[in-house]
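User: I would like to go through this structure step by step. Please show it to me.

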Amino acid sequence: MMNRKELLSAIEKIIELEPGSLHEEDVLFELAAWDSIAFLSVIAFYDEQFQFVPAGEQLENIKTIADLVALVEQRLTK
Amino acid sequence: MSLHFKRVTEADAELLLKWRTDPEITRHMFTDLIDPSVEKQRAWITSLASREDYRAYVIYDEEDAVGFISFSDINKTHQRCSTGTYIYERSARIKYAATLNTYVCAYAFYHLHCNKIVDEVMEANESVIKLQKLYKARLVGYLRQHILKNGQFHDVYIFEHLKEDWEKEHHPLNVEQVKLAFNDW
């Protein structure tokens, strides 16, 4: 089971950012590294690691890193 | 519903011409338009009405036209087609990155009744090659010097996605949700 810090580290690795460079309040759209491939890569990781793909409405309304992390938390607490 | 798709009409000619002639879009397409004009674009759209092998849609985010989808080489005999998509604005492109392909595949598999989607991607289009892999499409071929464009040959990757494989995967939308997003389904 991953904690928030580990999940953030995993996301940094997936989108090829330096460790510790992401913060939960970061707005995804403002990150130069955040593009379609980064987004899909994170969702593919969720699918592989946690065996789920978030609902379309959730995915289309993600704004921040915290929103991205919350998707996993919501799933794991169900 | 935020994302939805409307069949292309003659009223879209000017917008489609703007997108179709934008270097960011055309650099990854197999052909460029010859002497492009709104009249030619409109005539092309009119010609689509009689075609069984091709369908095109404008993608809307709420009321804003943000992109284009096509289903080409629709083959009823062998139940397959090819797809092409682009979203013009970066913000919408990212917003719908994780859902757009589900709309495309569900339409092809459950409305066009295709068994397979086959997409060809130019070698230089590295982003789409990566996206195809993330969509879990299967790389089935690599054609050398397959496209001649502006005096240069280009290599092409071929991907396929079978309906039976797609149905085993997790998706962010169900077919009923996708159905509501298309104005002709």
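Analyst: Two strands pair if DSSP finds at least two bridges between them. Helices (H or I, at least four residues) and strands (E, at least two) are DSSP runs, numbered from the N terminus. This is a predicted model, in which local features need pLDDT of at least 70, side-chain atom pairs count only at pLDDT 80 or more, and totals for chains, interfaces and linings use all residues. Residues are numbered from 1 along each chain as its sequence is written, chains are lettered from A and ligands numbered from 1 in the order in which they are written, and side-chain values use heavy atoms, with hydrogens and water left out.

User: How many bridges join strand 3 of chain B to strand 4 of chain B?
Analyst: These two strands run antiparallel. One bridge links Ser72(B) to its partner Ser82(B) in strand 4 of chain B. The number of bridges joining the strands is seven.

User: Which residue in the turn of that hairpin has a positive phi?
Analyst: Strand 3 and strand 4 of chain B form a hairpin, with four residues between them. The phi in question is about 55°. The residue is Gln79(B).

User: What is the strand order of the open sheet in chain B?
Analyst: The sheet has seven strands with mixed pairing. Its edge strands, each pairing on one side only, are strand 1 (3-7) and strand 6 (138-149) of chain B. From one strand to the next, the twist averages 30°. The order is 1-2-3-4-5-7-6.

User: Do strand 4 and strand 5 of chain B run parallel or antiparallel?
Analyst: Strand 5 covers residues 116-122 of chain B, and two bridges join it to strand 4. Arg80(B) has Lys116(B) as its bridge partner in strand 5 of chain B. The two strands run parallel.

User: Which residue in the turn between strand 6 and strand 7 of chain B has a positive phi?
Analyst: Strand 6 and strand 7 (residues 152-162) of chain B pair in the antiparallel sense over eight bridges. They form a hairpin with two residues between them. The phi is about 50°, and the residue is Asn150(B).

User: At what angle does helix 1 of chain B run to strand 3 of chain B?
Analyst: Helix 1 (residues 13-20) lies across strand 2, strand 3 and strand 4 of chain B. Axes are lines fitted to C-alpha atoms, for helices over the stretch in contact (heavy atoms within 4.5 Å), and angles run from 0 to 180 degrees between N-to-C directions. The angle to strand 3 is about 80°.

User: What area is buried between chain B and chain A?
Analyst: Buried area is the accessible area (1.4 Å probe) that two parts lose on being put together, summed over both. The contact takes 21 residues from chain B and 20 residues from chain A. Carbon and sulfur atoms give 66% of the buried area. The total is about 1700 Å².

User: Which residue of chain A forms a salt bridge with Lys136(B)?
Analyst: A salt bridge is a side-chain nitrogen of Lys or Arg within 4 Å of a carboxyl oxygen of Asp or Glu. The count between chain B and chain A is one. Here the closest N and O atoms are 3.0 Å apart. The partner of Lys136(B) is Asp47(A).
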